[in-house]
Amino acid sequence: MLVYGEITSQKGHYAKMRVNHKNFQETGWLYIPQFVTHGDKSSNIYEIGTEVAAVTSENFDEGCIIGAVYNKTDTAPTMDKNLKTIIFSDGSVIEYNKQSHIFTLNIKGSVNITSPKVVINGDLEVSGNVSDAKGSMQKMRDTFNEHTHSNGNNGANTGSPTSQI
């Protein structure tokens, strides 16, 4: 039987829900399906209060949640068919626009990448500082742009480089 309701408790990859049917009865522990579970793994756990659809037995003691559903309170982040969007409760956003081909990350914290090698095929623009284990590009600019050579101009110091970086 197809039912709709709200998540009331969660334990691992199981959840209980209050069904909008028969006096708002609470179900038994229902499976929460995942994208992949064998070999590759994924995890997406519903928060308490999420409205969901489920297929259950007639007495609601067995079944599987088939997905979260939007309602008057929890509305879709966009109705644009070209946007694939995830908005997290902290305000972080992951979005891809199929029409403009722009992938956007707006993360409230840090982004950590662990890889033996990161390759970027294209231009890289950075509005902040760029640093590595030895220092920052700004520190390199400060050093290069102000450096002089002794004994370079009839024994006197040369001036700073005319080409600044």
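Here is a short tour of this predicted model, stop by stop. Residues count from 1 along each chain as its sequence is written, and side-chain values use heavy atoms, without hydrogens or water. Local features need pLDDT of at least 70, side-chain atom pairs count only at pLDDT 80 or more, and totals for chains, interfaces and linings use all residues.

**Stop one: the core.** Select Val3, Ile7, Ala15, Met17, Val19, Leu30, Ile32, Tyr46, Val52, Ala54, Phe60 and Ile65: these twelve residues form the largest nonpolar core (buried Ala, Val, Leu, Ile, Met, Phe, Trp, Tyr and Cys joined through side-chain atoms within 4.5 Å; buried is under 20% relative accessible area, exposed over 50%, partly exposed in between, with a 1.4 Å probe and protein chains only). Strands β1 (2-11), β2 (14-19) and β4 (51-56) each give two or more residues to this core, and β2 gives the most, with three.

**Stop two: Asn82.** Now pick Asn82, in the loop between β5 (63-68) and β6 (83-87). Buried or exposed? Asn82 is buried, because its relative accessible area is 17%. Show the side chain of Gln99 as well: the Asn82 side chain makes a polar contact with it at 3.5 Å (N or O atoms within 3.5 Å, one able to donate a hydrogen and the other to accept it; residues adjacent in sequence count only if both atoms are side-chain atoms).

**Stop three: Leu124.** Finish on Leu124, in the loop between β8 and β9 (131-132). With a relative accessible area of 62%, Leu124 is exposed.

Technical notes: Helix = DSSP H or I, 4+ residues; strand = E, 2+ residues; numbered from the N terminus.
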